Amino acid sequence: MPGDMIPSEFIVEVDHQRCRRCKRCILNCGFGVFDFQSMTTADSSKCVACHRCVVFCPEEAITITKNPLEFKEHASWDVNLRKAIWKQAQSPGMMLTGMGTDFPWLNVFDHILIDACQVTNPSIDPLREPMELRTFLGRKPDKLDIKARGDGEFDLETKLESNIKLDVPIIFSGMSYGSVSLNTHRALAVAAQKLGTVMNTGEGGLHEELYPYADNIIVQCASGRFGVHSKYLNAGVAVEIKVGQGAKPGIGGHLPGEKIGREVSGTRMIPVGTDALSPAPHHDIYSIEDLRQLIYAIKEATGYKPVSVKIATVHNVAAIASGIARAGADIIYLDGFRGGTGASPAVIRDHVGIPLEIALAVVDRQLREEGIRNWVSIIAAGGIRSSADVAKAIALGADAVGIGTAALIALGCRLCQKCYTGKCSWGIATQRPELTGRLDVDWGAERLVNLVNSWSLELKEVLGALGINAVESLRGNRERLRTLGLDVTTSEILDVKPAGM
Amino acid sequence: MAEAAAKQEKKLETKAITVDATGVYYRELNQRVRDLIGQGYTEITLDGVNGQRYIADGLEDDISVIINGVPGNDLGAFMDGPMVTVNDNAQDAVGNTMNSGKIVIKGHAGDVIGYGMRGGKIFVRDDVGYRVGIHMKSYKGQVPVIVAGGGAGDFFGEYIAGGVLVLIGLGTEGTPAGDYVGTGMHGGTIFIRGRVPEGRLGREVRVFPLENDDRSLLEGLIEEFTNDTGADTTNVDIEEFMKLRPFSHRPYGNMYVY
């Protein structure tokens, strides 16, 4: 019997008349598709359509097409379901995957429209009038006590909690050094500094070389506590307790031993070659009270820096968020079910959690109803694909958004979803030195800066059309949104009126 | 050279102070401790401690903190260097994610002791609660050690990735540890005096015979533990210890299909 019954997903063809046998494709492919025996040959079964070879072939001699092989159509039995069964029948185990879900769930953002001013209220031209994208993350006071000095001047009596200043309401989401390369971390740090925003370290610690970027870094403390020590906790502007991740709510993480080389080992502070196992829960957090304990343990260790709590958006997210705010967090980071990952069982990635848009709306509303919305800032992540999504997320209640996948796409990622193999041809999700060197830090940082600056321009244009001159005035401003093609219940949950109303 | 000598001299010179912690809120108490360290005190005694959390949390200094009373949760969390002595019982999460230093508890301690601990030592004279030593890990020269004189609850050494856990079992009858000993274990060593039935061990754990290195390690640790805690270990026979190690440092390597 044939070992592998699964046909190749893609067909790689080399035009031998164009090919000048330079072998760049062989060098560039991280997956080992190409070989050379008197002429360039390709093993299509290994191709993931990451386009590295296509981009670097000087003769444009390579084409990659979807395998046109027909399967007998069946409405219930999607081809991917059949392929998974063939794989699991061949070797037992969970189907592993990378990046955010590719399952065709309804995308709520694509059913929300943004308002604009016409006649009765003037729009603003952002090119000629000031437009404020700056925002502050952290706890805001319930009221301000102001005392008159008597000489016409006033003193602020209220002691303000420490906040993080963002020049743009877009931050780089947590992606650990280990799941991504050091050059990826470097590019994110350099870009965050240039943009006046922050990058999140993810749970793999912070490489010593990046400690100088402290003003633009949020350090993460996850259940595995990898690389977490008191200097690390103080190496950024805030600390994030990672409870969950949108791509894999409720489960831990396994960074395979193959990815724990010397450098990653040093940053994670675990021996070379051992699996880095993150337990599913933090074993010092089994309740909101326990969460409060860890929040304040971190505050005590950092001189009361803001603490963020990252959760995956799950069914009861509003009540959980209320608990997090009451536990003393300064920031709640909501990671929607479309959020990316370096590795997750497909069953979890594709079927667990709820959309960011809905979670954001219900969390914002719950906190407002309880009168504690000012206690926390909300970061929305896991499904932000464009400046339109940024505007919609802020109008649904976010203070800022986090981008992970979008940032990686800016660095060359083609969404092949094979991060867990460690073979990333673009040098992003890999630790193999011959691959990581491909990602030039300055080139990458410039592309990230370009992307965020482009979205900022677009965001200002949207704000101008809305007649709003500060992003903080858009926050939670659902009156300026309408739904299209969403059922009544979902519109009601979003607290957004249908178009026409 | 002169600087090193001065540092050495400073270290030898103990500057001690006693603080009455009765009724003082933890945030003020811990700030007071940090202020005193800033003023050059190297031995700080806290009297009347009653549940204040986070004592010695995140401290990196070469100092000694002596606690009279029962400290609250997260004693010595993220700690990196100090010596903490508790002349009473302690509560949960002692030495949480601790990097180095030493915590000696002359009494019982609660659950989740030494979670994610990467270095240093925790000695508990009597019993400890659930999930003790969970996800302890070693790195380079850092080998964290927890020694408990009495018995332990379930999940002793769960997920342990490195370091040494010792359970002496003084004053216990039958098995000193609860169920699921070392479940998820993928590094480190657990020593338990007495016999733990196979059914109580995690699936990832195997029993290994004691070697000479283990004997000398245990002898040294028990001597240090006895000196620090005052426990009576005169009848402890090293040969009674069972040694537990994981059979793989990659227990979940074959769980996935690509």
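**Close-up views of a two-chain predicted model**

**View 1. Strand pairing between the two chains.** Strand β5 (residues 94–97) of chain A pairs with strand β12 (residues 256–257) of chain B in the parallel sense over two bridges. Strands pair if DSSP finds at least two bridges between them. Helices (H or I, at least four residues) and strands (E, at least two) are DSSP runs, numbered from the N terminus. In this pairing A:Met94 stands opposite B:Tyr256 in β12(B). This is a predicted model, in which local features need pLDDT of at least 70, side-chain atom pairs count only at pLDDT 80 or more, and totals for chains, interfaces and linings use all residues. Residues are numbered from 1 along each chain as its sequence is written, and chains are lettered from A and ligands numbered from 1 in the order in which they are written.

View 2. β5(A) and β19(A) pair in the antiparallel sense over two bridges. A:Leu96 stands opposite A:Pro345 in β19(A).

**View 3. The contact between chain A and chain B.** Chain B contributes 35 residues to the contact and chain A contributes 30 residues. Two residues are in contact if their C-beta atoms, placed from the backbone, lie within 7 Å. On the side of chain B that touches chain A, 15 residues are nonpolar, 12 polar and eight charged. Ala, Val, Leu, Ile, Met, Phe, Trp, Tyr, Cys and Pro count as nonpolar, Asp, Glu, Lys and Arg as charged, and the others, Gly among them, as polar.

**View 4. The 11-stranded sheet of chain B.** This open sheet has mixed pairing and the order β1-β2-β3-β4-β5-β6-β7-β8-β9-β11-β10 (chain B). Its edge strands are β1 (16–20) and β10 (205–208) of chain B, each of which pairs on one side only. On average, and with direction ignored, neighbouring strands of the sheet are turned by 15° against each other. Within chain B, strand β2 (residues 43–50) and strand β3 (residues 64–70) run parallel and are joined by six bridges. B:Glu43 has B:Ser64 in β3(B) as its bridge partner.

**View 5. A hairpin in chain A.** Strand β2 (residues 34–37) and strand β3 (residues 39–42) of chain A pair in the antiparallel sense over four bridges. The bridge partner of A:Phe34 in β3(A) is A:Ala42. One residue lies between β2(A) and β3(A) in this hairpin, and A:Ser38 in the turn has a positive phi of about 65°.

**View 6. Helices α4 and α14 of chain A.** Helix α4 (residues 182–195) of chain A and α14(A) pack at an angle of about 45°, with their axes 8 Å apart. Axes are lines fitted to C-alpha atoms, for helices over the stretch in contact, and angles run from 0 to 180 degrees between N-to-C directions. α4(A) and α14(A) are therefore oblique to each other. Angles under 35 degrees count as roughly parallel, over 145 as roughly antiparallel, 65 to 115 as roughly perpendicular and the rest as oblique. The crossing of α4(A) and α14(A) is right-handed; a crossing is right-handed if the near helix is turned clockwise from the far one by less than a right angle, and left-handed if anticlockwise. Residues of α4(A), including A:Asn183, A:Arg186 and A:Leu195, meet residues of α14(A), including A:Val441, A:Gly444 and A:Val452. The residues of this contact of α4(A) with α14(A) are 10 nonpolar, two polar and two charged.

**View 7. Helices α11 and α14 of chain A.** Helix α11 (residues 387–395) of chain A packs with helix α14 (residues 441–466) of chain A at an angle of about 50°, with their axes 9 Å apart. α11(A) and α14(A) are therefore oblique to each other, and their crossing is right-handed. A:Ser387, A:Val390 and A:Ala391 of α11(A) make the contact with A:Trp455, A:Glu458, A:Leu459 and A:Val462 of α14(A). Five of the residues in the contact of α11(A) with α14(A) are nonpolar, one is polar and one is charged.

**View 8. Domains of chain A.** Chain A is divided into domain 1 (10–93) and domain 2 (158–498), with bounds that come from an automatic or database domain assignment. The C-alpha centres of domain 1 and domain 2 of chain A lie 33 Å apart. Nine residues of domain 1 of chain A are in contact with nine residues of domain 2 of chain A.
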